[in-house]
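Please keep both in view while going through it.

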Amino acid sequence: MLKKFLSTVVIVLSVMLAAMPTFAASLPDFTVLAEKQGPAVVNISITQVMRRNQMPFPGFPNDEHLQEFFKRFGIPGMPGMPGAPDQGGQEYKSQSLGSGFIISQDGYILTNAHVIDAADEVLVKLSDKREFKAKIIGADKRTDIALIKIDAKNLPKVNIGDPSKLKVGEWVAAIGSPFGLENTMTAGIVSAVGRALPQENYVPFIQTDVAINPGNSGGPLFNLDGEVVGVNSQIYSRSGGSMGLSFSIPIDVAVGISNQLQSSGKITRGWLGVAIQELTKDLAESFGMKDTKGALIAGVEKAGPAEKGGLEAGDVIIQFDGKPIEMSSDLPRVVGMTEPGKSVNVDVLRKGNKKTLRIKVGEMPSEDIEISQGNTPSAETASNKIGLTLSALTPQQKKKLNGKNGLLVIASTGAGAEAGIRRGDVILGLNNNETQSVDQFNKQINAVRVGKTVAVLVQRGDSTLYVPIKVK
């Protein structure tokens, strides 16, 4: 009896085990993906000609992997940033590494904007060890996407996927050059989609737990079909290495940017001229709304597209050009992707009532202060004692600085250049005194004795800092 029972148990267990998939069979196989897509992934090496007073991080060795990490996370004292200690002004070459991937057989390559930022030379190495000098076609800092090109033909290229089909929990893989280790593959799952990050209004990031490290930046994120669904861009880290929080730019966003860069070399975005904030539960209740969907308009810029179209502070945009606005972070992306000059329908809730407005979308102003025809050299803007050629700001340029007084650097040579000041910077002050005019600034500089150091307050982009300059 016992023998018959044991025999029955063995048969049942055998059937159950045969029906169960093995553990190995339940895991994805990335070997085919690596073999087919690996050759389209490239290593990118960046060279910058620096001066010793522009050491990337005082007290640390000039290690190329540290450089890439420091550059990405904006640690002060980076190459190209003014104000580093003067160590004689000798030139040296600073190098950093990144990744990229080929999107066309004639040599167009996608990478991150921060990878090629301020590069004097971009060198691309293919998986077959061939090396090419690359031309920078253009870069967009808002989405962190750059397009470069090498002079080659019949290259292997990636297949482009659809990131909108990604699901949380889906397997994905990255190929890149972490810490310079070329064609390294790492894998993980999609942790979240459409992730909004602070100060990143134009990218609905793909969050994964794929191991991404310095050097992976600009490399592709693949789905199991071997299609690129994202461009690896950022990590959250307390140590500098991977902590399982990686963020990739959806490939449709990247391709849209690359198409504009290839056709015109620059990016144009739609613009409304509004300030927005998140719609909380309490705010929604105060507006008589049943949910928190939409983007709350906190302010409207005078004479901007929104004001001209009838949009008011307190309105809640729930749909823009037929696209639903679920949260405030959706609006900048949707508006930015709209062609400037296009008239669109905007559905808003105003005092509990739905209203449709017709608004003509404007073009987003540039964040940078550009040198215009109003900043042409003259007798007044001749080079001063520290090698800076300066010009008064035009009214449009001053508006970008919220009305601040400043002087635009048209050219930088001599002591100014050695200290790190460059064309396009704005001088705000000298030795704690606000600048009033080119003549006033030059008189103050020319009165300084040779060998003495002055502190010049400089604005570059959104950052301001004092730059010590030794008068020669």
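1. Helix α12 (residues 438-446) has Val438, Phe441, Asn442 and Ile445 as buried residues, where buried means under 20% relative accessible area, exposed over 50% and partly exposed in between, with a 1.4 Å probe and protein chains only. These residues cover an arc of only 95° around the axis, and therefore lie on the same side of α12; the arc is that of the directions from the helix axis to the C-beta atoms. An α-helix has 3.6 residues a turn, so residues three or four places apart point the same way. Among the elements that cover the buried residues of α12 are β22 (388-392), β23 (407-412), β24 (426-430) and β26 (453-460).

2. A word on the basis of this note: the model is predicted, local features need pLDDT of at least 70, side-chain atom pairs count only at pLDDT 80 or more, and totals for chains, interfaces and linings use all residues. Residues are numbered from 1 along each chain as its sequence is written, and side-chain values use heavy atoms, with hydrogens and water left out. Helices (H or I, at least four residues) and strands (E, at least two) are DSSP runs numbered from the N terminus.

3. The largest nonpolar core has 26 residues, of which Phe101, Leu110, Ile145, Phe222, Val231, Ile249 and Ile251 touch the most other members; such a core is a set of buried Ala, Val, Leu, Ile, Met, Phe, Trp, Tyr and Cys residues joined through side-chain atoms within 4.5 Å. Two or more residues of this core come from each of β3, β6 (145-149), β8 (171-176), β10 (200-208), β12 (227-235), β13 (246-250) and α6 (251-264), and α6 gives the largest share, five residues. Apart from this core lies another, of 20 residues, among them Ala415, Leu430, Ile445 and Val454.

4. Thr111 is found in strand β3 (residues 108-111) and is buried, with a relative accessible area of 0%. Its contacts (heavy atoms within 4.5 Å), not counting residues up to four places away in sequence, include Ile44, Asp144, Ile145 and Ser217. A polar atom of the Thr111 side chain lies 2.7 Å from the backbone oxygen of Ser99.

5. Which aromatic pairs does the structure hold? A search of the whole structure finds two, a pair being rings of Phe, Tyr and Trp (its six-membered ring) with centres within 6.5 Å, counted as stacked with planes under 30 degrees apart, edge-to-face over 60 and tilted for the rest. The rings of Phe30 and Trp171 have centres 6.1 Å apart and planes at 65°, so this pair is edge-to-face. Phe30 lies in the loop between α2 (23-26) and α3 (31-37) and Trp171 in strand β8, so the pair ties together parts 141 residues apart in sequence. Phe30 is buried, at 14% relative accessible area, whereas Trp171 is partly exposed, at 32%. Phe205 and Phe247 form an edge-to-face pair, 6.3 Å centre to centre with 80° between the planes; both are buried.

6. Two charges also deserve a look, where a charge sits over a ring if NZ of Lys or CZ of Arg is within 6 Å of the ring centre and within 35 degrees of the ring normal. Lys149 lies over the face of Tyr108, at 5.3 Å from the ring centre, and Arg269 lies over the face of Tyr202, at 5.1 Å from the ring centre.

Note on methods
A polar contact is a pair of N or O atoms within 3.5 Å; within protein, one must be able to donate a hydrogen and the other to accept it, and residues adjacent in sequence count only if both atoms are side-chain atoms.
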